[in-house]
Amino acid sequence: MLDGVKKLGMQSVKFQNPPSILSTYSIVGPKEGEGPLKDYFDLILEDDMWGQESFEKAESKIQEETIKSALSNGNLTNKDIDYLLAGDLLNQIITSSYTARQLNIPFYGLYGACSTMTESLSLGAMLIDGGFAQKVICATSSHFSSAERQFRFPLEYGSQRNFSSQWTVTGAGATILSAEGNGPYITYATTGKIVDMGIRDATNMGAAMAPAAMDTLINHFNDTGFSPQDYDLIVSGDLGSIGKSIVIDLMQEKGYALSDNFTDCGYEIFDSKEQDTHAGGSGCACAATVFNGYIYKEIMKGSFNRVLLVATGALHSTTINQQGESIPSIAHAVTIDINKA
Amino acid sequence: MEFIKAFIVGGLICVVGQVILDNTKLTPAHILVIFLTAGVVLGGLGIYEPLVKFGGAGATVPIVGFGYSLSQGAIEGAKSKGVIGAFTGGLTANAGGVAAAILFGYIMALVFKPKTKS
């Protein structure tokens with residue numbers, strides 16, 4: 001490898017000076033606050049409007065407060081941060097832009113749909129390891145009601161939900177990365193390619209995104225030389241119960257045994273039987289809140305030493321979907337390790 | 001007895017919709033349009049009329065009944081006013097329902113605010 005070249009294999013990078021996670025924060029809505037991971041979230045809202053007059057404004061407030069709380073958790077102010085990398089699901093990523101309006105931090109808006117958490121972590125880690133920044137905030141959010149009325153039906157419309165459909169997580173997660181710190185560190189990142197197997201059913205996102213998750217996982221293992229057993233936890237973003245089992249089967253066919261150490265944030269965040277969420281959680285906040293809540297806290301407790309987070313995104317829009325196009329999907333992976341190497 | 005008949009007819013129409021919804025990729029909006037169009041066609045061919053006579057509101061209240069009513073109105077209009085009547089008749093026959101939907105929809109929108117589903 002040439003000196004200073006950090007690219008590893010086809011799609012991965014290995015960070016020479018792995019950025020450290022300085023602090024995290026997660027806020028969730030009432031339904032997520034009743035789910036199995038309720039004890040891990042930093043703040044559970046009683047009202048998903050949070051005193052705002054619209055769902056979109058509420059989502060923006062959730063993202064803003066998440067970022068501000070991550071800053072105060074790390075004893076930082078906005079002046080300490082070089083870049084804010086954030087995205088969300090709404091048209092023109094308005095949540096993130098209106099949040100950034102309040103924060104006075106140089107801002108790159110991202111759209112990776114539900115893969116935004118690992119997209120922002122990958123790019124944030126690259127900015128820091130490249131020497132372009134000391135501290136970066138990576139954040140994303142989603143809101144059930146703002147997503148529902150943009151992507152599916154008006155809230156007033158009482159239609160039945162398909163059994164393969166998922167429930168958009170209301171909430172936001174933020175991670176502050178720093179060039180210096182005591183870990184855990186972002187040690188590797190694998191950038192996903194668009195994978196589209198021709199699935200057009202927008203009520204079955206898990207099946208649409210599963211091949212993208214598989215593609216990124218296989219490239220990650222090929223590029224880094226890791227095997228699934230090198231990880232204490234491999235966790236996908238929002239495949240839900242259907243997508244999760246598809247990934248296990250697809251990986252099995254390719255000769256990778258994903259066993260007890262593999263799960264999915266969307267599968268874990270809700271109790272699908274008790275909470276009637278059908279195939280599980282989805283949305284940018286799904287991977288964001290589970291990572292910044294559950295996974296980060298378990299890493300700090302010592303339960304996991306090395307975690308692979310693979311957030312998955314379905315990059316369609318309702319307009320192009322109505323024109324009969326299929327759903328292009330993507331998955332980005334980052335390795336979070338308590339050790340630098 | 002009337003209630004039972006209405007229940008059976010209305011229920012069976014809904015069962016057809018549920019079976020389609022559960023076993024195809026069609027969305028509720030697709031089914032709405034298909035049912036309405038089916039009501040127009042079945043009404044025009046005279047197939048739906050016996051169902052209305054037997055089931056009453058069970059056949060007229062579901063969206064198929066709206067299609068049926070459109071077709072009957074158009075046929076009536078064509079008979080009395082010719083070609084123009086074929087165009088105006090359907091809406092004339094349904095004017096009451098349409099006006100009520102607009103009025104009540106407007107009042108509900110004023111009174112209530114949408115909330116997150118749970």
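1. In chain A, domain 1 and domain 2 meet over a two-sided contact. Domain 1 of chain A gives 60 residues, and these touch 59 residues of domain 2 of chain A. Please keep in mind that this is a predicted model.

2. Which elements supply the domain 1 side? Those of chain A giving two or more residues are strands E2 (12–14), E3 (20–28), E7 (135–142), E8 (167–168) and E9 (171–178), plus helices H3 (116–129) and H4 (144–151). H3(A) gives the largest share, with 7 residues.

3. Where domain 1 of chain A touches domain 2 of chain A, 27 residues are nonpolar, 25 are polar and 8 are charged.

4. The bounds are as follows. Domain 1 of chain A is assigned to 7–178, and domain 2 of chain A to 185–337. Over C-alpha atoms, the centres of the two domains of chain A lie 17 Å apart.

5. Chain B has 6 helices and 0 strands. Its pattern along the sequence reads α-α-α-α-α-α. The C-alpha trace of chain B spans about 50 × 35 × 35 Å along its principal axes.

6. How much of chain B is buried? Of its 118 residues, 25% are buried. Take the contacts in chain B between residues at least 6 apart in sequence: 60% of them join residues at least 24 apart.

7. Last, the contact between the chains. Chain A contributes 9 residues and chain B contributes 7 residues. The chain B side that touches chain A holds 3 nonpolar, 2 polar and 2 charged residues.

Definitions and conventions
Residues are numbered from 1 along each chain as its sequence is written. Chains are lettered from A and ligands numbered from 1 in the order in which they are written. This is a predicted model: local features need pLDDT of at least 70, side-chain atom pairs count only at pLDDT 80 or more; totals for chains, interfaces and linings use all residues. Ala, Val, Leu, Ile, Met, Phe, Trp, Tyr, Cys and Pro count as nonpolar, Asp, Glu, Lys and Arg as charged, and the others, Gly among them, as polar. Domain bounds come from an automatic or database domain assignment. Helices (H or I, at least four residues) and strands (E, at least two) are DSSP runs, numbered from the N terminus. A residue is buried if 20 or more other C-beta atoms lie within 10 Å of its own, exposed if 12 or fewer, and partly exposed in between; C-beta atoms are placed from the backbone.
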